Amino acid sequence: MSLHYICPLCSTPLVNSHNTLRCANNHSFDFAKEGYVNLLPVQQKNSKQPGDSLAMVQARRAFLERGFYAFLQTELGNIVGKLNVDNIIDLGCGEGFYTQALASNTHAQVYGVDISKSAVKYAAKRYPHCHFSVASISQAPFNSQFADVLVSVFAPLFSHELARLAKPGATLIVASPGPWHLKELKSYIYATVNAHTPVTAPAEFVQSSQTLLTKQLTLNFDDVKNLIMMTPFAWKFRPEHWAALEAQGEHDVTLSFYVTQYTKTAVA
Ligand SMILES: C[S@@+](CC[C@H](N)C(=O)[O-])C[C@H]1O[C@@H](n2cnc3c(N)ncnc32)[C@H](O)[C@@H]1O
Ligand SMILES: [Zn+2]
């Protein structure tokens with residue numbers, strides 16, 4: 001099955017030969033032994049190790065493996081299972097927990113893209129039936145209007161790039177925090193916990209549906225620790241917050257997710 005990447009340096013198609021992707025201008029990118037390809041040129045790197053760190057990746061993997069977010073994974077798999085499409089891109093795929101569920105529910109070619117090499121390494125090793133690349137989703141290595149389905153699970157949304165990548169009529173699926181997602185944990189660090197609002201439709205997309213998934217859990221300290229470590233507010237937890245969390249032992253936690261579907265409008 002041929003891959004549909006374009007060169008991150010000159011935007012011409014990349015052709016696979018002997019485990020190397022090469023463009024007409026002779027820029028070449030080798031597949032790593034884990035099966036992913038690094039399409040992030042140094043000039044697009046804003047730090048030595050962009051994206052989620054190894055510690056965040058490991059915490060997320062440990063937490064997700066416990067099955068607490070399986071209901072979201074199932075929902076996303078069911079959505080793509082009803083679409084008859086050729087290709088899907090999971091933008092900001094992390095270590096592929098949702099990417100592999102998308103691939104298991106469809107015959108489409110499924111691409112996972114993330115700027116974190118640590119995350120992509122894990123993903124590629126574990127899920128060889130998906131195509132993983134290290135790349136920026138602000139300049140994703142695919143032709144314009146390539147994607148039938150774009151998926152974003154708690155990842156940054158670059159609206160110009162979503163509009164560029166999507167075919168007219170393509171589906172964009174966004175999972176984002178629901179109103180009171182993790183409110184109990186946030187109350188340790190914020191005097192007032194504000195409700196999350198749904199993501200507004202990116203330019204050139206119209207909303208077609210929205211579901212709110214909510215679940216209450218009781219988690220032990222190790223699970224809570226991993227859950228916090230995989231969130232953007234982990235750095236706000238100081239030693240006294242960790243001590244208080246540990247002292248309490250078990251925690252009731254609200255999980256809440258918006259799953260919103262959008263349709264790409266025809267080009268104006
Ligand atoms: C909260 S994590 C979500 C990961 C995965 N979707 C999941 O839910 O398990 C956000 C991901 O976006 C990635 N990310 C952030 N900025 C990015 C960019 N400019 N290009 C590609 N990936 C990016 C991070 O490395 C991280 O893996
Ligand atoms: Zn090139």
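**View 1. Helices α1 and α4 in contact.** In this predicted model, the axes of helix α1 (residues 54-65) and helix α4 (residues 117-126) come within 8 Å and cross at roughly 40 degrees, where axes are lines fitted to C-alpha atoms, for helices over the stretch in contact, and angles run from 0 to 180 degrees between N-to-C directions. The two helices, α1 and α4, are therefore oblique to each other, given that angles under 35 degrees count as roughly parallel, over 145 as roughly antiparallel, 65 to 115 as roughly perpendicular and the rest as oblique. L54, V57 and R61 of α1 meet S118, A119 and Y122 of α4, contact being C-beta atoms, placed from the backbone, within 7 Å. Helices (H or I, at least four residues) and strands (E, at least two) are DSSP runs, numbered from the N terminus.

Residues are numbered from 1 along each chain as its sequence is written, and chains are lettered from A and ligands numbered from 1 in the order in which they are written. Because the model is predicted, local features need pLDDT of at least 70 and side-chain atom pairs count only at pLDDT 80 or more, while totals for chains, interfaces and linings use all residues.

**View 2. The loop residue F154.** F154, which is not a glycine, has a positive phi of about 55 degrees, and its place is in the loop between β8 (147-153) and α5 (159-165). With 18 C-beta neighbours inside 10 Å, F154 counts as partly exposed (buried means 20 or more other C-beta atoms within 10 Å, exposed 12 or fewer, and partly exposed in between, with C-beta atoms placed from the backbone).

**View 3. The loop residue E204.** E204, in the loop between α6 (183-186) and β10 (205-219), has a positive phi near 75 degrees, and with 20 C-beta neighbours inside 10 Å it counts as buried.

Note on methods
Contact = placed C-beta atoms within 7 Å.
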